[in-house]
Amino acid sequence: MSTITVLNPLFEATGPESVTMAQRSTPADPVVITVIENSKPHAKELLSYVADGLRERLPVSDVVVHSKSAAGKPLDADEAEMLAVRSHLVITGLGD
Amino acid sequence: MATRIDVEEHDAQEEFFRQGWTDGLPVVPPTPERVAAMLDHAGVAADVVVGTVPERSRDITAEKAAINAVMAGCAPIHFPVVLAAITAMCDPAFGCHTAVTSTGGAALCLAVSGPELGAYGFNATRNALGPGHRANATVGRAVRLVAMNVLGARSTELDGSSLGHPGKYTMLVAEEPPPEGWTTLREDLGHGLDDTTVTVFASEGSHQVANQLNGTPEGVLATFAAAMTNPATYGVGKKHQVLLVLGYEHRTILAEGGWTRDAIREHLAEASRVTPDHLEAGGIVMEHTTQNDMTPDADGKLATVRGPDDVFLIAAGSPGAGWSAYIPTWAPVLHSVAATRRVMPAGAGLPSN
C-alpha cells in the first residue's frame, strides 16, 4: 500500500478558538428595541407582528421596525451605528 | 498553511468523496508539488489573501485557491485566470455571500476576453458553452470548488439553492474575436485591447436563443428582446444584468447591418422594458413594499436593465443555423453586479484592477 500526501482544500481558521462575550448591563429607561426586517416579501408584515407582540409583552418604551435596503446586503457601518445609538437591543429576522 | 493529509493512493478518490471535498465528480489529488507549481506559475506566495467574504469571516488564500484549482483539473497556466476570477468574485459589489447562498441557485459564470485565449486552451468557437476543452471546464470548476470548500457554499452548509442548475459545476464563455469594426468585451468594460480579463456573473443557466430564418438585424434583436422579457426570469422588470452570447450568424447579421455594440445595448435596454400587464399575464405579482419596488416609470413600464451598461455582449460560437445564448443574472443589481479583473501574466502576482 502506498500513500500520497495531499493538502486540505477546506477553510482552516487561524483566529482564536473562542472569544469572550461583551459585558452585559441593565439598560436605563426608556428601553428601545429595534427589529430588523430583511425586506423580502411579507418580511415587514411578519416582523411587524413580532414587534407588536414584544410591545404588548415587554416593559419597553418602543419597538421599532427597521427595513434593510436589500436582503442580501449587510447593514452598512453608518446604518449599524445609527441603530446602535438608538437601540438597547436589536433583533434581526427574515421572511421569504 | 494548509494541513497535510496522508491518504492511501488506491483509495484517494473515495477518501475525497468521504471528506466532502468534491462537487460529486472525481478530482485531481492536490499534492504539495502540484499546488506549488500553481503558485510558482502565478508568482504568488501561499499565504497571500486573494479575496475576503466578510459576511462569512473567510479569507481565500492563494494556497487554498491553488489547492482547489489542482483538484478542478487546472494546469498552472490557468491559475492566473482563476486568481483574477476569485478577486472579481470578492469585489463587494458582486455580493458573493448572497450569490452563493440564495435559493435562486446562481452559477459563478465567467466571461473571458483577451487577445491570446488560445494560448490558455480556451475554446470560443464550436460548442463554446459545452464540454470538451480543459480550460473552459476546469477554470470555472475551480472557482466553484473554492466557493464550496473555502466559503462553505455546499448544500449541507450555506448553499440554499432550491434547484441550482448544471452551470453550478462550471460555467465559462470565452470570447471569439468579434466581427471587424466591433470592440471586444474587455474594451467595453474599460480595459485595453491587449489585456486579458475575466468577468464574473452570478447567473441563471444559459438559455438558447434561436432565430434561424430572419436575416435582418431588427428580427434578430426582436428575438433577443423576447428572450430578455420572459416573465419567468426573476430579474425581468427588476433591473438585473444580462450576458448575451452572440452566435456567428447573429453577430454577423448585426455587424453587417451596421449595428454597433453600443447601439445594440441601447436598443435592448429600451426594448426589454415591460409593462406590469406583461408580467401579470405570466402570473407574476407586482411588489411595492419590498426590496424590489415595481412601480412603473412615467411611460408605464418597468426597466429590466438599468441601462445599456447592464447588457454585456460577447461573441462566441461557430457557424451553424442561427444560435445565440442569453444568460441573465439571477437577481437584481440591488444584490449583485458583475465584476471584472485583469488576468495577470505568468509570475506577475495578483490583479489590482
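## Terms and basis

Two strands count as paired if DSSP finds at least two bridges between them. Strands (E, at least two residues) and helices (H or I, at least four) are DSSP runs, numbered from the N terminus.

The model is predicted: local features need pLDDT of at least 70, side-chain atom pairs count only at pLDDT 80 or more, and totals for chains, interfaces and linings use all residues. Residues are numbered from 1 along each chain as its sequence is written, and chains are lettered from A in the order in which they are written.

## Sheet of chain A

Strand β2 (residues 32–37) of chain A runs parallel to β3(A), with six bridges joining them. Within this pairing, A:Val32 has A:Asp62 of β3(A) as its bridge partner. Helix α1 (residues 43–57) of chain A packs on the sheet and touches β2 and β3 of chain A (contact: C-beta atoms, placed from the backbone, within 7 Å).

The open sheet comprises three strands in the order β3-β2-β4 (chain A), with parallel pairing. Its edge strands, β3 (62–67) and β4 (89–92) of chain A, each pair on one side only.

## Chain B

Chain B contains twelve helices and eleven strands. The C-alpha atoms of chain B fill a box of roughly 65 × 45 × 35 Å along the principal axes.

Strands β2 (residues 49–53) and β3 (residues 58–61) of chain B pair in the antiparallel sense over four bridges. B:Val53 has B:Arg58 as its bridge partner in β3(B). The two strands, β2(B) and β3(B), form a hairpin with four residues between them, and B:Ser57 in the turn has a positive phi of about 50°.

Methods: Contact = placed C-beta atoms within 7 Å. Axes fitted to C-alpha atoms, helices over the stretch in contact; angles between N-to-C directions.
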